[in-house]
Amino acid sequence: MRTDFYFDPACPWSWITSRWLTEVAEVRDLEVRWRPFSLFIKNYVMTEPTDYYVGARQGIEFTHSLIRVIEAVRAELGDDPVGALYTEMGYRIHNNKNRDFTPHDILEAAGIDTKYAAAATDESWDEVITASMHDLFAITGEDIGVPSIVFERSEGFFGPVISPAPTGEAALALFDSMYTMAMTPGFWELKRGRTNPPMFADRP
């Protein structure tokens, strides 16, 4: 089953959900395609930034530059390296609370030619990123962010927002339930207040 996962490296909730999905993918034989979603484009270009995003601009501009690098790699090398790049970014930004790195560092750690670091300042990649976001909006509507999941290129939604991520049988049960809900005609929304902060699993 193809499962598209939309993420911005800035988002801790995306990072937690992505680790859950990678565990599920190994058991359910999922073809996970990591898709870009820029919180910078969504909250500074498409809409007026809220007070939160005014304060978060510097960090989100940084991860937007990383998404450009991801798309430059994808354009030449295909989808396969994207998961490794996101993994390197996620552990540094969220587990290690470290943004003191460059695109060159990430590419080198993932074993990818560092020439793609030049894409970080290349605005032409923003069109590709925006097109990816509109692919998601066509399925879910525009009033969403990340993490977002699309199943079989047809049905999906924002979420799940989880902390901590379930593991083992609980991880599989959550995925199966989400798939059932996504494929149920007329199912729109579930939500409740968050009680846990982002909680990150250790790097295996």
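Q: Why are α1 and α8 called roughly perpendicular to each other?
A: In this predicted model, the axes of α1 and α8 cross at roughly 90° and come within 9 Å. Angles of 65 to 115 degrees count as roughly perpendicular, while those under 35 are roughly parallel, those over 145 roughly antiparallel and the rest oblique, and therefore α1 and α8 are roughly perpendicular to each other. The axes are lines fitted to C-alpha atoms, for helices over the stretch in contact, with angles running from 0 to 180 degrees between N-to-C directions. The contact, which means heavy atoms within 4.5 Å, involves residues of α1 including W20, L21 and V24, and residues of α8 including A171, L172 and F175.

Q: Why are the buried residues of α8 said to be on the same side?
A: The buried residues of α8 are A171, L172, F175, M178 and A182. They cover an arc of only 125° around the axis, which puts them on the same side of α8; the arc is that of the directions from the helix axis to the C-beta atoms. These buried residues pack against β1, α1, β3 and β4.

Q: How do you know whether D4 is buried or exposed?
A: Buried means under 20% relative accessible area, exposed over 50% and partly exposed in between (1.4 Å probe, protein chains only). D4, found in strand β1, has 3% relative accessibility and so counts as buried.

Q: What makes T17 count as buried, and why is Q58 called exposed?
A: T17 lies in helix α1 and has 0% relative accessibility, so T17 counts as buried. Q58 lies in helix α4 and is called exposed because its relative accessible area is 67%.

Residues are numbered from 1 along each chain as its sequence is written. In this predicted model, local features need pLDDT of at least 70 and side-chain atom pairs count only at pLDDT 80 or more, while totals for chains, interfaces and linings use all residues, and side-chain values use heavy atoms, with hydrogens and water left out.

Definitions and conventions
Helices (H or I, at least four residues) and strands (E, at least two) are DSSP runs, numbered from the N terminus.
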